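Morning, everyone. Please look at the model first.

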Amino acid sequence: PQPRFGQQLGAMAPTEKKAEADAKGGKDKKEEKKMTKEEKKREEEMSPEDIELRDKLAMMVERAKDTDEAVAKAALETMKEEIRTATSSMTSVPKPLKFLRPHYDGLKEFFEGMMDSTNKTALSDILSVLGMTMAGTDSRESLKYKLTGLKGGLDVWGFEYVKNLSGEIGVEWGVRKAAEKSTDDLKALVDEIVPFNMKHSSEPEACDLLMEVDLLPEILEHANENNFSRIALYLTNCANYVPEPEDAVIYNAVYQIYRKVNRLPEALRIAVRLNKEELAQEVVDACEDEQVKKQLCFMIARHGAMNIKSEDDDLVAILGNAQLSEHFLSLARDLEVYEAKTPEEIYKSHLTESRAGAANVDSARANLASTFVNAFVNAGFGHDTLLTGDAKWIYKNKDHGTMSAAASLGMILMWDVDSGLSQIDKFTYSSDDYIKAGASLAVGIVSANVRSECDPALALMTEKVESDKSTIQRIGASLGLGLAYAGTQREEVLELLTPVIADPETPIDLFSLASLALGLVFVGTGKPDIAETIMQGMMEREEKVMEDTMARFACLGLGLLFLGLQETADVTMEAISAIPGQIGQYCAFTVETCAYAGSGNVMKVQKLLGVCAEHLEENNSHQAVAALGIALVAMGEEMGADMSARSFEHMLQYGEVNLRRVVPLAVGMLHMSNPKPTVIDMLSKLSHDGDAEVAQGAIMALGLVGAGTNNSRVALLLRQLSTYYGKDPNNTLFVVRMAQGLLHMGKGLMTLSLQYSDRLLTSPTALAGILTIMHSCLDFKGIILGKYHYLMFMLSTAMQPRMLVTLDEELKPLPVTVRVGQAVDVVGQAGKPKSITGFATHTTPVLLSYEQRAELATEQYIPLTSVLEGFVILKENPDWKPDTTADSTKKKEKPMGGLDDLASDEMKKLALKMQHVRPDQRMYDK
């Protein structure tokens, strides 16, 4: 069948308009002759049917101007019918519109002189349709005649006409709003168009129109069980591209839609995206189904910074992530990676040719590197080859090294608070202050992302923060509290740490790290009293003291308070301008970039690019924060991340060396645990840079980009770099080792990715941990390669298992088959498009990488949330029937004879076995 009239009307408008302009301008005789020749030629080409139609329409136009109303009415009806039933192909305009073009101006003039009557409204409708292709640009004649025509009747003219009207309404609405005129007639038309669009499955057009005319909340009355998912998906993706506060309006509309159709897990995702604790609490309270409530609690626990109250002990345990360790270990056993790995297995020194004169093997620096590699690789597994069981390894390190070694035990025992604390306990009684400090930090790392009823961390650290203890012990305890209670907003921690910050005698490193700990605990709350205390502490200290490299963490602590709060930070920004010296600028940019983190705000990115463009020889530390800030602001959505990557390339080419040092880190932050080939190429080039800090930044970024992925290409690069930098064991080689540890983090079962839940949400505590690492890497020499290497353990708030575990209604693991593949963008596509491509079928639990998505392979179970990530509770599908057809055909084909029978039984057993073996195990004949 031919397409409906008007599907490609837009295509022919410009040429026709040109013809119209030519016709209007006075032409000389020659041109007129030329035109008539062309007309004759065209007429010769026209078929008899076309000539007949043209003459018929010309006659109808004359008759429409007849004084006899009945004659005029019949003519208008015929015209309407001809236009409505006309067909068009993709390249040609409907014939009636073509032939009515010369009469358009005449009809308009006649319309102006008509008395009000039914014929006038009928002609108005026809002119509105003709105006779609014949009116001048910006004349909005189609809309003008529609408003004077018949109400309703959009079905008659088809979809393209409605689309054209919607566009004109948007423009007209803006003009009238600016002139403060009434828009009631437009609103009435919108109320006709939106149901029309909904009925014809073009929800995106309906949403666009309502957003144009600021009536988005009205979408709620049109949402129902059949169309809510398409509307919500489209609006959620639109929110990335509108400025604030309009994005909140869109998210609120989506939240209301989900609440209307009682999709509570989806509503919770939006509440978390809006960062509104009261909405999240409302969703949990509104939920009556116990299983769905548990699912909601799993989702809140993954976010890490929502303090939802519940009376039910089971729910409190889920909210505290109590089962995380148990499920993670069962995943490790499932994938047969439970055995501890040694640092040597990661370095694979036998594969790299050792250079003559390589560094002494058992140096304290090499041991410290092994400590970190061991901690990252065996993180969360509860046992390793260096520290658990025998504590001699700690004494193979020196001073601050012993602190990191003791703290690394916390990372190995991560998430397992009960048995973890008993193993760390022996170090808390050590005579060495560094080991005691490390033990305090270990307690914090064990408790990261896990909340326990009995608050062991608080009980153990309270006295260690007090002023009679050594500075290093107080630092360990402060950071331990920050990690253990990240995102919990616990007042007890505030009471403990405020005196430390408020005391002007506190050493600068303790002051800064205590501020950072408070920033972690109260991340994204914007509490003015804490901000005031930190700023007061910064102003009371002399400018000379504040020039210390550690002062940057006080700024970061302040920034974390306002993480993602946007305008709320403005008041504090004003106050920061009173802080003198370079640190004041550093602080201002840190707070501003944190406040707009993940917002994709274009104006802020432009401002930051402007700051980076200045060529400053000294006092330029704030430029580093600005460059990091570009990545921080842009990381909310794919497009922004790609665009900022281009800006970073310019910085590498034209920027001063201080900017070039930051670029690899910023690129790493945009692609956490997402090793894209282009990114690896870029970092690989920079890892051989002449400037040592650029190279170190690039190597660290390689570790972060590949974190937890075991990416073979990055592994090979890092092994080559370990040979290349073999002569610099104390600095760059140490960073290479750290990167190797990060790459194999959790033996490939963990991720540092900040976005989760189909990349819609960002965990603020994870982002806070990553930002700490980024700011530490701005000064490798003074921090990571100095005596503050233990700050690398701040990553523990961002470390999450990248698994999908399906549970039954009793919360026991329930193995089901799932398809895992590349996520596909299906926004606004017609029908039911596939949301993943190139999938493989596995049995849960399975691992998901950054750009992958999972869906259930059969309909035997119904998941309680639409996004399959982390912990998903399944309930049985009552309508599911096993596929009986396959069985019946088998029975028919039963072979004769005992031997065949036996063979088929053997085969059956083998086939059953193979069903539950994953492809990667088949390779090893397991």
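A search of the whole structure, which is a predicted model, turns up 12 aromatic pairs. I will go through some of them.

Start with Phe159 and Phe196. Their rings are stacked, with 6.5 Å from centre to centre and 25° between the planes. Where do Phe159 and Phe196 lie? Phe159 is in helix α10, residues 159–179, and Phe196 is in helix α11, residues 184–199, so this pair ties together parts that are 37 residues apart in sequence. As for accessibility, Phe159 is partly exposed, at 31% relative accessibility. Phe196 has 6% relative accessibility and counts as buried, because the cut-off for buried is under 20%.

Next, Phe328 and Phe381. Here the ring centres are 5.2 Å apart and the planes are at 65°, so the pair is edge-to-face; the cut-off for that class is over 60 degrees. Phe328 belongs to helix α19, residues 324–334, while Phe381 is in the loop between α21 (364–377) and α22 (400–412), so the two parts tied together are 53 residues apart in sequence. Are Phe328 and Phe381 buried or exposed? Both are buried.

There is also a cluster. Phe372, Phe376, Phe734 and Phe793 are linked by ring pairs.

Last, the charges. Lys120 has its charged end over the ring of Phe111, 4.9 Å from the ring centre. On the arginine side, Arg333 lies over the face of Tyr338, and the distance to the ring centre is 4.4 Å.

That is what I have. Thank you.

Terms used. Residues numbered from 1 in each chain as written. Predicted model: local features only at pLDDT ≥ 70, side-chain atom pairs only at ≥ 80, totals over all residues. Heavy atoms only, no water. Phe/Tyr/Trp six-rings, centres within 6.5 Å; stacked < 30°, edge-to-face > 60°. Helix = DSSP H or I, 4+ residues; strand = E, 2+ residues; numbered from the N terminus. Buried < 20%, exposed > 50% of the residue type's maximum accessible area, 1.4 Å probe, protein only. Lys NZ or Arg CZ within 6 Å of the ring centre and 35° of its normal.
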